Amino acid sequence: MALSVGQVLEFAEKRAITAASGQAVATATTLWMGLLTAAPTAGTDLTMASETEYGATGYARQSLTVASAWNAVTSASPSVVSNAASITWGPTSSSPGTTVTWGILCDAVSGTTANLYIAYLLTTPRTPISGDSVQAAASAFTASI
Amino acid sequence: MTKYTYDHPEQSGFGQHHAEGDLKERPAQPPEVAQSMRGVLSMIDPTEEQEAKLEAFLGRSMHDLDMHHGTVVDHVGTDDAGQELVTWTDQHGDVRTTAVSKAQFSQHFKPVTEPDSIVGDTVEKKEAWS
């Protein structure tokens, strides 16, 4: 999984513009990174109920402790944020045969009510087979506003 | 959280147990990713340390990323599909969460017990950590 382009989604956009206008904004201490097999729709998708999540046995969303999970936001325009460490899913113990095309940052370990933060297009789609893990390198997930 | 040990009678990893073929022969990253990452690094005039770090990352196999026999995990709950969620640290130091079916969990995950400890002349068997 190589470099990816991040699309900030509506739930997180609202928080970003709230903070940019000087208003208090809720923060998270833990977020989760999942994998999707179909593209999210920016502007309309709010929760995981709208998404097609990868579904092999062994797969689970990976937790990110917000305080340590990210590289420092760059001092540039646009500012960029990226993951500080590698992220690894699996190992899987089944082969659904579906292809992972997107990463998705959300706020719950499972379920469809998780709010969506950022969607990351993977430049190299992956079709894991049973026994595989899927690993993204540090700094692979980048996003800007 | 309760600690368990992944335990396989043939000492196969969790992934290897279900794998098609030998995980040691499957690179963790496909060739196009390796090529892309080397290309990106070459643009910044990398140090030897940076190059070595990248090659170590790209040299990992699926076996390296597997949950190996004897791995200690924390059972952290169940997901919405009813699978057991365990967290563990892989050999590269990454904290992982893996979803395990109830059948796999009951068959291959054994509660961790503290080692027997001697108190005076009495050997005490500790219950599973909680």
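This is a predicted model: local features need pLDDT of at least 70, side-chain atom pairs count only at pLDDT 80 or more; totals for chains, interfaces and linings use all residues.
## Chain A as a whole

Let's begin with the parts list. Chain A contains two helices and nine strands. A box of roughly 50 × 30 × 25 Å, taken along the principal axes, holds the C-alpha atoms of chain A.

How much of chain A is buried? Buried residues account for 48% of its 145 residues. Among the contacts in chain A with a separation of 6 or more, 75% are between residues 24 or more positions apart. The accessible surface of chain A is about 5900 Å², and carbon and sulfur atoms own 57% of that area. Chain A also has 4 positive and 7 negative charges, whose mean positions lie 5 Å apart.

## An enclosed strand in chain A

Strand E2 of chain A covers residues 30–36, and six of its seven residues are buried, so E2(A) is largely enclosed by the rest of the structure. Which strands pair with E2(A)? One partner is strand E3 (residues 62–65) of chain A, joined in the antiparallel sense over four bridges. Here Leu31(A) has Leu64(A) as its bridge partner. Another partner is strand E6 (residues 100–106) of chain A, also antiparallel, with five bridges. In this pairing, Gly34(A) stands opposite Ile104(A).

When you look at strands like these, one pattern is handy to remember: in a regular strand the side chains alternate between the two faces of the sheet.

## A look at Val8(A)

Val8(A) belongs to strand E1 (residues 4–8) of chain A. Is Val8(A) buried or exposed? The cut-off for buried is under 20% relative accessible area. Val8(A) has a relative accessibility of 11%, so Val8(A) counts as buried.

Leaving aside residues up to four places away in sequence, Val8(A) touches Glu13(A), Tyr117(A), Ile118(A), Ser144(A) and Ile145(A). For Val8(A) and Ala20(A), which are twelve residues apart along the chain, the C-alpha atoms are separated by 15 Å.

Now for some backbone details. Most residues other than glycine have a negative phi, and most peptide bonds are trans. In chain A, the peptide bond from Ser77(A) to Pro78(A) is cis, with omega near 0°. Pro78(A) sits in the loop between helix H2 (66–69) and strand E4 (80–82) of chain A. The bond from Gly90(A) to Pro91(A) is cis as well, with omega near 0°, and Pro91(A) lies in the loop between strand E5 (87–89) and E6 of chain A.

Ser139(A) is not a glycine, yet its phi is positive, at about 70°. Ser139(A) is located in the loop between strand E8 (134–136) and strand E9 (141–144) of chain A, and is partly exposed at 31% relative accessibility. In chain B, Asp45(B) also has a positive phi, near 50°. The loop between H2 and helix H3 (48–58) of chain B is where Asp45(B) is found, and this residue is exposed, with a relative accessible area of 67%.

## Chain B and its strands

Chain B has four helices and seven strands, arranged along the sequence as β-α-α-α-β-β-β-α-β-β-β. Of its 130 residues, 40% count as buried. Chain B exposes about 7500 Å², with 50% supplied by carbon and sulfur atoms.

Strand E1 (residues 2–6) of chain B pairs with strand E2 (residues 72–78) of chain B in the antiparallel sense, over four bridges. There, Thr2(B) stands opposite His75(B). E2(B) is also joined by four bridges to strand E3 (residues 84–89) of chain B, again running antiparallel, and Asp74(B) stands opposite Thr87(B). E2(B) and E3(B) form a hairpin with five residues between them, and Gly82(B) in the turn has a positive phi of about 85°.

## Where the chains touch

Glu20(B) lies in the loop between helix H1 (14–18) and helix H2 (31–42) of chain B. What does Glu20(B) touch, not counting residues up to four places away in sequence? Its contacts are Ser95(A), Ile129(A), Ser130(A) and Arg26(B). Glu20(B) is partly exposed, with a relative accessible area of 45%.

Conventions
Residues are numbered from 1 along each chain as its sequence is written. Chains are lettered from A and ligands numbered from 1 in the order in which they are written. Side-chain values use heavy atoms; hydrogens and water are left out. Buried means under 20% relative accessible area, exposed over 50%, partly exposed in between (1.4 Å probe, protein chains only). Contact means heavy atoms within 4.5 Å. Accessible areas come from the Shrake-Rupley method with a 1.4 Å probe; for residues, only the protein chains shown count as cover. Lys and Arg count as positive and Asp and Glu as negative; His and the chain ends are not counted. The place of a charge is taken as NZ of Lys, CZ of Arg, CG of Asp or CD of Glu. Two strands pair if DSSP finds at least two bridges between them.
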